[in-house]
Amino acid sequence: MERFNYKLLIIEDDEPSMVYYEQIAERHVKHVYFARNAFDGIELFNKHKPDLILTDINMPEMNGLEMIQRIKLSKPDLRFIIMSAYGQSEFFIKAIELGAKGFLLKPVDRQKLSNLLIDWGKQISMEKEYNKQQEENHKQKQLLIQKSKLESLGKLASGIAHEINQPLGGISMALENIIQKNENKALNTAYLNAKMESISQHIKRINNILEHIRTFSMIQKDDLKTHFNPNECISNALRLTKSEIQNNKISVTLHLTDKPFSIKGNRFRMEQVILSLIGNSIEALNQKAKEKQNYNDKQIKISSSLTADNLILETEDNGTGIEQENVENIFDPFFTTKSPDKGSGLGLSVVYGIIQDMGGTIRAESEKGAYARIIIQLPIAHNKL
């Protein structure tokens, strides 16, 4: 006979009844715990966290329903079944109000108890399998997000190096000036203080860049949710892609709302969304330049606007565009119009997942050879920054 892998707690103060329940329960359930009163029941619940409680109502000092009320303070979705004798209808009404999953009349019928434990064993097993699958799916999703994030940083390596080289150049120049002034016996305290302040600011800039990259690249917790302004994510993403945009002679136009607002979510994942969309636009523009001779009008437009309840964020480029029949598929996992060496088709599906997690929507509009536009809608957190 199959024994189900779940935890059952039985609370019963009558010794013969407890022995009777034990004989039946241990035939069907692998982990069975027994308590002689409500206080022991609470203690065993806190220790073992059972999946199901089977409890008598009439017990000394504290009855079964009072015990259930206490336990539900820490576990509102508690599953419990009540055992009681005839003529105690007031207890059954209270049990229903507390959310009882079933009732057994005393004396408890052996077959009814067996069937109940088997039915719950099947249901709990299905729930655990579902939760296990959900957890596995969640882990895979997190890995895809992290993979996409690291791919973005890999593509932006030259831009990041450029961002760091600028302050490094300033530090180098300041030190050369100090050395030259010192050799010429022209170094004074005011000049030295000014140069040291300049060096300090350059170092702070490098630290800020490295700290931002470190935080962005690390695995983010799901509960890392704050109120933030996505315009800041756009600025950070453009700073990281600045070198690539300039090298490819792309014009970027911004139309960002200046009204105070915030959304709730993970700011680094929102930045990842913007980086992914900008990266796709750069690739589409460069591809069009390859296909069309003397094409120099490379444009990316980014805008943010507000409705009563939502942020509308749009990115648009005048690159290769997307075939109409493919527009609805671009957010599907592994769908890509690129050659195998250019993309895995995970970028936009990751973007889609991030926006969904933030309670938003994302869609695309495009005309082949003319433009591609991505429209994101996110709920506003109705408390200002």
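Tutor: A salt bridge here is a side-chain nitrogen of Lys or Arg within 4 Å of a carboxyl oxygen of Asp or Glu. The model is predicted, so to speak of local features a pLDDT of at least 70 is needed, and side-chain atom pairs count only at pLDDT 80 or more, while totals for chains, interfaces and linings use all residues. Residues are numbered from 1 along each chain as its sequence is written, and side-chain values use heavy atoms, with hydrogens and water left out.

Side chains of opposite charge can pair when their charged atoms come close. By the rule above, the count comes to 10 salt bridges. One of them joins the side chains of Lys106 and Glu12, with N and O 2.8 Å apart. This pair links distant parts of the chain, 94 residues apart: Lys106 is in the loop between strand 5 (102–105) and helix 5 (110–155), and Glu12 is in the loop between strand 1 and helix 1 (15–28). Helices (H or I, at least four residues) and strands (E, at least two) are DSSP runs, numbered from the N terminus. Buried means under 20% relative accessible area, exposed over 50%, and partly exposed in between, with a 1.4 Å probe and protein chains only. Glu12 counts as buried because its relative accessible area is 0%.

Another pair is Asp77 with Lys75, whose closest N and O atoms are 3.2 Å apart. Asp77 is exposed, at 54% relative accessibility, and Lys75 is partly exposed, at 29%.

Between Glu365 and Arg373 there is a salt bridge in which the closest N and O atoms are 2.5 Å apart. Glu365, with a relative accessible area of 26%, is partly exposed, whereas Arg373, with 19%, is buried. Through shared partners, salt bridges join Glu316, Arg363, Glu365 and Arg373 into one network.

Glu271, in helix 9 (residues 267–291), gives a contrasting case. The side chain of Glu271 does make a polar contact with the side chain of Asn236, at 3.5 Å. A polar contact is a pair of N or O atoms within 3.5 Å; within protein, one must be able to donate a hydrogen and the other to accept it, and residues adjacent in sequence count only if both atoms are side-chain atoms.

On helix 2 (residues 38–48), the buried residues are Ala38, Gly41, Ile42, Leu44, Phe45 and His48, and the face turned away from the buried side carries the exposed residues Glu43 and Lys47. Helix 2 is followed by Lys49, whose phi is positive, near 50°. Lys259, which lies in the loop between strand 7 (251–256) and strand 8 (263–265), is exposed, with a relative accessible area of 51%. As background to these individual cases, 43% of the 385 residues of the protein count as buried.
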